[in-house]
Each structure stands twice: as structure tokens, then as C-alpha cells.
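Let's take a walk through this structure together. We will begin with one residue and then look at what surrounds it.

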Amino acid sequence: MATMTDVARRAGVSVATVSHVLNDTRPVRPHTRRAVLDAVEELGYTPNTLARSLVTARTRSIGLAVSAIGNPYFTEILQGVEAAALDHGYSLLVADPHDDPLHEVEVVRLLHERRVDGMIVAPSPRPRELLAHLARHRVPTVFLDRLVEAPGTGAGPRFDQVGAESAEPTARLVTHLAGLGHRRIALVAGLPGLSTTDERITGYRRGLAAAGLPYDERILVHGDSRTPGARRATAGLLALGARPTALITANNAMTIGALHALRDHGLSVPGDIALCCFDDFPWADLFSPRLTAVAQPSREIGARAVGMLLERLAEPGLPARTEQLPCAFVHRTSCGCPDRPGEGNPS
């Protein structure tokens, strides 16, 4: 097995120079760095990660705490995080807090004990203890998907945050359905307390106002971001005397729950009720009818979270930032529009 001494001999430099290149502890001339890296490749040298962490006080690892990892949206986010981390030479430790505030703090504590350099967290609806823990231990953290401190509230966020912009795309779904003649447009919203839920409700109400439609609290229900909850919530909507003629589901898991409920009641989409959903997913174009949806830039969100964390590690004094990436409207046929060849791409 090759040693650092072997690398230094092959590159024609000192062992100290090899160490500086591998640990990034001192600037090294480009041609010298290239010679060292070429020698590492030729000899198949594997650095001792534990020894490196003792020298640099860094483990080059990132902790990722995300609930519902099985959800295709979060799976794609995870892929974006992993690819960006690997591109920068970081490994990833992943845990699922299950949207439980107490378990969330325990998961983050365990990741911190494993000396990760920083964390990326999709917080639960009640993250008070999480925020206190991160602030107390000064853990470099980026919040993912769900914002814990809304921008524009005066004090500004204390942590870096990145997610998708949810209000305007939801409003667009409402105005699209209203333009097709629908007057009773229902929303199956997500788990109360999440910023994504609040933003999509805001967008829903904004869309109703823009279309000149009244807000009716009876047709805004919560599916709690999961399939069973959305199935129950949609069944409740269908039991109303004046049931909605169009339905918006606020994430992909709830879209599946709503479709279950519609099938339970023998209703067809879009013949009996139009359907639009927040979250596109790989098989949305294979449904019959094809699902009109809002597509979130999930992989880009994951990659940007890594970028923000590495920027924070490099410059701890940076002001905290909130970034919301734009979504895309994917026009298909579940809304009641006729099928048009070539449609179904984000716009």
C-alpha cells in the first residue's frame, strides 16, 4: 500500500507539501499540486481520513436530516445533495427525523457527535428545540425545502435556507382552473406548521382573489402531506353538499391519496372533477389522464444547499441567506385541457 512518503518521492516534493495539497492547509503552486495529484493517482494512494481530520479539524462529511426519504421529491433532493457533496470531496451521513420534533433533535445531536462539518436539515413543523440546539452548539446549518424563518419579517433569518418558491405557482394552478370555468376549486394542503404548507395556502387564496372567486374555508382541507391523510381529506370534500369541481393537491404523496378517494367514489378525472398537483414526479406523464403539475427544481435545491453550506464553512461571518428557486408549470390533461402532442414539458 502506497504511503505519503511514496507520493512525495514520485512527485519530487517534500512530505509536508503532499500534506498541504491533500489537506488544503496552505497554498501550493498549480504545477506542484498537479504533480502531487498525479502521483496520488498513479500510486493509488488513499489518504487516512482520520489522520486528516486530526490535522484540519474537519472530517469532510455533511449530515443530512430529511424526513420521508421514500418520497420521490426528497429522493431527488438527496441525489442532488449527494452529487454536489461528492463533487467537493465530502461524504454524506443521512438520517430520517420522521417529522417528529423530539426525534429530530436526537438525530441532529447524533450527527453532530460524529463530527460532521455541517448539516443540511429539512425541519419538522415545530423546530423550536432544533433551532435552540443548533444555535447553542453553533453548528453550520442550511435548512432545506422548509423555511424556518420567513424572509421579509424584519429580523431576517439566522440560518441559511434554500427551497422552492411555492406561492406564485399555486396561484397559477388556481387561475388556470378558473380560466377553464371552475368556480369551486378545493385545496388539499399539507402538514400545518410547515412553511411550504403556509406558502401554498397563501398562493391558493391569492389565486382565488385574482380570479374573482370567494374563499370558502370548507374546501381548504389538510391532508397532512401524506397519502392516507389526503385520502381522508378528499373523501370529506366529496361528502359536501356542493362539492368542488376542481381539486389542487399540495404534494405528490397527497395526489396519490386524492386519486384513491376519487376512485373510491367512482369519480373520473377530469370528467367528474379536474385535478392539478404541486410536485411533478417521474410517472405523472404515464397516468391517464396525464397530470398537470408544478415541477420543483429538487436536484438543484439539494445541490444549492451543499453550495451554501460550503460557503458558510469557508466564510462563517457571511450574513444568513434565504434562496427560493423558481418552479415550472407542466401543462397536461388532468385539468381538463385537451391532449396536445409535445406538451408535458415544464414551462
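**From a proline to a sheet**

Pro244 sits in the loop that links helix 10 (227–238) to strand 8 (246–249); here helices (H or I, at least four residues) and strands (E, at least two) are DSSP runs, numbered from the N terminus. The model is predicted, so local features need pLDDT of at least 70 and side-chain atom pairs count only at pLDDT 80 or more, while totals for chains, interfaces and linings use all residues. Residues are numbered from 1 along each chain as its sequence is written, and side-chain values use heavy atoms, with hydrogens and water left out.

Is Pro244 buried or exposed? Pro244 is buried, with a relative accessible area of 3%; buried means under 20%, exposed over 50% and partly exposed in between (1.4 Å probe, protein chains only). Leaving aside neighbours within four places in sequence, Pro244 is in contact (heavy atoms within 4.5 Å) with Arg184, Ala186, Ile219, Leu237 and Ile273. Its C-alpha atom is separated by 5.7 Å from that of Ile185, 59 residues apart along the chain.

An open sheet of 6 strands runs in the order 7-6-8-9-10-12, with mixed pairing; two strands pair if DSSP finds at least two bridges between them. Strand 7 (220–222) and strand 12 (328–330) are the edge strands, each pairing on one side only. Within the sheet, strand 9 (residues 274–278) and strand 10 (residues 292–295) pair in the parallel sense over 3 bridges, and Phe278 stands opposite Val294 in strand 10.
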